[in-house]
Amino acid sequence: MTKLSVNINKVATIRNARGGSVPNVAQVAIDCEKFGAEGITVHPRPDQRHITINDVFDIKSKIKTEFNIEGYPSPDFIKLVKEVKPTQVTLVPDAPDAITSNAGWDTKINFQFLSDLVDEFRSVGIRTSIFTGTDTEIIEYAAKTGTDRIELYTEPYATLYPKDAEAAVQPFVEAAKVAKRLGLGINAGHDLSLENLNFLYKNIPFIEEVSIGHALISDALYLGLERTIAAYKNCLK
Ligand SMILES: CC(=O)[C@@H](O)C(O)COP(=O)(O)O
Ligand SMILES: NCC(=O)COP(=O)(O)O
């Protein structure tokens, strides 16, 4: 079964536009769970432009499903994650000023850095996932770090999908096979949507978890959160 983790960054973006607490980010997390989400994802960025440090503690204290914190492992981020103790930390190589995540790690160049982080988080009982592209050598080096999982960066899939779905998914199928053979769990995320999710799932049914935010929260404007989450879960069948 592929779990749906709802990324609620964009709910915090709306809240922050006015300050205050509307919409209430932690309540949305609770409601996502009530409507069937199997996890909540947040990506606190250094400028706290959406998810704030307080949000991370607040959400952790209120949700019951899996909590996934994504981000660049700066000293502040590492400290935050170790204090909050989520189910999973996803290590993402974003520059502080990145508009959004735009690449996976070079796991060969960053091998020692990532290996040390995996050990550090594992020692306090936090599952690790390393954000990667589909290159075989990159995945092999990810496996050597000892990480529990990788998260495949699916933006290239989402971009090519409308033009050539087969060509879009093929590198991901190959990458997932390599990762599985190496004993890695596989997550996937970025720009997944109601349009492209089912095809990815049908081709790689052994993905453990997809984290979806931007498209899902946008769909909720039209469908409402409950129907939207049901529609995304329906794509994972
Ligand atoms: C790690 C990743 O793929 C990102 O998609 C993410 O967490 C979204 O971040 P923003 O919501 O800041 O664009
Ligand atoms: N890890 C990807 C994620 O959490 C959400 O990405 P997106 O759906 O907002 O592009």
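Helices and strands here are DSSP runs, a helix having at least four residues and a strand at least two, numbered from the N terminus. The place of His214 is in one of these runs, helix H10. The model is a predicted one.

Strand S1 (residues 3-7) and strand S2 (39-42) run parallel and are joined by three bridges. Within this pairing, Asn7 has Thr41 of S2 as its bridge partner. S2 also runs parallel to strand S3, with four bridges between them. There, Val42 is bridged to Ile69 in S3.

S2 is covered on both of its faces. Gly39 and Thr41 are buried on one side, and Ile40 and Val42 are buried on the other. In general, the side chains of a regular strand alternate between the two faces of the sheet.

Another parallel pair is formed by strand S5 (residues 127-132) and strand S6 (149-153), which four bridges join. In S6, Glu151 is the bridge partner of Phe131. Four of the five residues of S6 are buried, so that strand is mostly covered.

Helix H3 covers residues 53-62, and its residues Asp55, Val56 and Ile59 are buried. These residues lie on the same side of H3, because the arc they cover around the axis is only 100°. The exposed residues Asn54 and Ser61 are carried by the face of H3 turned away from its buried side. What do the buried residues of H3 pack against? Their partners are helix H1 (9-18), helix H2 (25-34), strand S2 (39-42), strand S3 (66-71) and helix H4 (75-84).

**Ligand 1 and the annotated active site**

The residues surrounding ligand 1 are Asn7, Asn9, His43, Arg45, Glu70, Val92, Thr100, Ser101, Phe131, Gly189, His190 and Gly213. By class, two of them are nonpolar, eight polar and two charged.

An unreviewed UniProt entry places the feature "active site" at His43, Glu70 and His190. These positions are spread over 148 residues of sequence, yet they cluster in space, with a largest C-alpha distance of 12.1 Å.

His43 lies in the loop between S2 and H3, while the place of Glu70 is in strand S3. His43 is in contact with Glu70, and also with Asn7, Asn9, Ile51 and Gly71, when residues up to four places away in sequence are not counted. With such residues again left out, Glu70 touches Thr41, His43, Thr90 and Val92.

The annotation "binding site", from an unreviewed UniProt entry, covers Asn7, Arg18, Asp191, Gly213 and His214. Do these residues gather at one spot or lie apart, and what are the values? They span 208 residues in sequence and the farthest two C-alpha atoms are 26.1 Å apart, so they do not all gather at one spot.

Asp191 is found in the loop between strand S7 (185-189) and helix H9 (197-203). Leaving aside neighbours within four places in sequence, Asp191 is in contact with Thr154, Glu155, Ala158, His214 and Ala215. His214, with residues up to four places away in sequence not counted, touches Lys10 and Asp191.

A residue is buried if 20 or more other C-beta atoms lie within 10 Å of its own, exposed if 12 or fewer, and partly exposed in between. The table gives the counts for residues from the two annotations.

| Residue | Other C-beta atoms within 10 Å | Class |
|---|---|---|
| His43 | 22 | buried |
| Glu70 | 29 | buried |
| Asp191 | 19 | partly exposed |
| His214 | 16 | partly exposed |

Why does Asp191 count as partly exposed? Asp191 has 19 C-beta neighbours inside 10 Å, and a residue is buried only if there are 20 or more. His214 is also partly exposed, because 16 other C-beta atoms lie within 10 Å. His43 is buried because 22 other C-beta atoms lie within 10 Å, and Glu70 is buried because its count is 29.

Note on methods:
Residues numbered from 1 in each chain as written. Chains lettered and ligands numbered in written order. Predicted model: local features only at pLDDT ≥ 70, side-chain atom pairs only at ≥ 80, totals over all residues. UniProt positions renumbered as here; feature names shortened; annotations may be inferred. Contact = placed C-beta atoms within 7 Å. Arc of directions from axis to C-beta. Pairing = 2+ DSSP bridges. Near = placed C-beta within 6 Å. Nonpolar A, V, L, I, M, F, W, Y, C, P; charged D, E, K, R; others polar.
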